[in-house]
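Trainee: I would like to go through the terms used for this model. Please set each one against its definition.

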Amino acid sequence: MDGLDALKTRYLAEIADASDEAAIEAVRLAALGKKGEVSLKMRELGKMSPEERQFAGPALNALKAELGDALSARKQVLGDAALEARLASEWLDVTLSPRPRAQGTIHPISQVTEEVIAIFADLGYSVAEGPQIETDYYNFDALNIASHHPARQEMDTFYMSLPKGANRPPHVLRTHTSPVQIRHMEKHGVPCRVIAPGRVYRADYDQTHTPMFHQYEGLAIDKDISMANLKWTLEEFCRAFFNIDNIELRFRASHFPFTEPSAEVDIRCSWDGGQLKIGEGDDWMEILGSGMVHPKVLSAAGVDPKEYQGFAFGMGIDRIAMLKYGIPDLRAFFDSDLRWLRHYGFAALDKPTIHGGIAR
Ligand code: PHE
């Protein structure tokens, strides 16, 4: 058969030149594919005389085998080279020391606020907000705290200075998150279920008081909300937040101008060996004030108290953060001491969620 040598020389050269797998495959198809040159020549065997076939058959088979070998050898070489290149580019020195941990941490107040939001979101609450510089009206009057009311003095209010000639009471740094109750109902109406976390201010400073601290307000208004719903909600929250099943809360009759009846709520705990434990022992720790929203407060917010009722509560975020994470001194929260932040802070990507987990 003519031309087999030329075919062989040409294809061997093409194989040697192929620089990647696609090129090799192209050469293979051109030579050995169904319609490849060698395959076509194989077909010609049928038309030959037996004598011719005796020579051409083995010669073609040899050519086919040789090209096949050359193709796979070249493929192997290219594959090895590709692997080499990949190994070189992905090389990793596993003896290097680990990267330093991220410099910043999430402050416990931010973490606990997120935890509170996650738990209440699961109960169907949304987040409401209000200004930190508040009018006398929203901070006091609308909440049924008249101007002669002792609560105004008790709260050690910070007053903003009044512009000369202003004919109104001075604004205040809000002393609690309760004004958000009014603002929310005014703007969005009822029924509602909201929490309002944020900063509040009182002129007070010792181991358990700082002039700025954090509260979150809870407010649930509808046609048939009762004190029993309040109790269930707070117990449910504490179980989830402290991650303890046998939480015990104590409701103590109390007085707030904006709720009737009112209750302060304590949580059972023990201080054995200076170690605080929630849910056991003989001690009680106050964590919040609460009650059924006063009809006058509903009226002030434009809600008909004959049709609607509900509960409100105000909880200290700093207080429950100290309880949960065993942080002894409130003042350290606001010292910006990096060593303290590294110790009590949280990893930036460790976001609390109901499904992912609340506690660290
Ligand atoms: N605002 C009250 C406080 O700061 C807490 C509270 C809120 C009590 C809502 C009753 C209802 O002490």
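Mentor: Start with burial: buried means under 20% relative accessible area, exposed over 50%, and partly exposed in between, with a 1.4 Å probe and protein chains only. Phe120 and Tyr125 are both buried. The model is predicted, so local features need pLDDT of at least 70 and side-chain atom pairs pLDDT 80 or more, while totals for chains, interfaces and linings use all residues. Residues are numbered from 1 along each chain as its sequence is written, and side-chain values use heavy atoms, without hydrogens and water.

Trainee: Why is the pair of Phe120 and Tyr125 called edge-to-face?

Mentor: Rings of Phe, Tyr and Trp (its six-membered ring) pair if their centres lie within 6.5 Å; planes under 30 degrees apart are stacked, over 60 edge-to-face, the rest tilted. The structure holds 15 such aromatic pairs. For Phe120 and Tyr125 the centres are 5.0 Å apart and the planes stand at 75 degrees, so the pair is edge-to-face.

Trainee: What makes the pair of Phe120 and Phe237 stacked?

Mentor: Their ring centres are 5.3 Å apart and their planes at 25 degrees, so the pair counts as stacked. Helices (H or I, at least four residues) and strands (E, at least two) are DSSP runs, numbered from the N terminus. Phe120 lies in helix 5 (residues 108-122) and Phe237 in helix 9 (residues 227-242), so this pair ties together parts 117 residues apart in sequence. Phe237 is buried, as is Phe120.

Trainee: Which residues do ring pairs link into a cluster?

Mentor: Phe120, Tyr125, Tyr216, Phe237, Phe241, Phe242, Phe311 and Phe313.

Trainee: How do you know that Lys324 lies over the face of Phe241?

Mentor: A charge sits over a ring if NZ of Lys or CZ of Arg is within 6 Å of the ring centre and within 35 degrees of the ring normal. Lys324 lies over the face of Phe241, at 4.4 Å from the ring centre. Arg331 lies over the face of Tyr205, at 5.8 Å from the ring centre.

Trainee: Why is helix 11 described as largely enclosed?

Mentor: Eight of its nine residues are buried, so helix 11 is largely enclosed by the rest of the structure. Among the buried residues are Ile317, Met322 and Lys324. Gly326 follows helix 11, with a positive phi near 60 degrees.

Trainee: What makes a space a pocket or a cavity?

Mentor: On a 1 Å grid over the protein atoms alone, a cavity is a set of points where a 1.4 Å probe fits but cannot get out; a pocket is an open set with protein on both sides within 12 Å along at least five of seven lines. Lining residues have an atom within 4 Å of a point. The largest pocket has a volume of about 900 Å³. Of its 39 lining residues, the closest to its centre are Arg202, Phe213, Gln215, Phe256 and Glu286. Strand 9 gives the largest share of that lining, six residues.

Trainee: What is the volume of the second largest pocket?

Mentor: About 300 Å³. Its lining has 13 residues, and Trp271, Leu276, Met322, Ile327 and Pro328 are the closest to its centre. Helix 11 supplies the largest share, three residues.

Trainee: How many cavities of 30 Å³ or more does a search of the whole structure find?

Mentor: One. The largest cavity has a volume of about 40 Å³. Its lining includes Val180, Val194 and Glu217.

Note on methods: Grid points are joined across faces, edges and corners, and a volume is the space filled by probe spheres set on the points.
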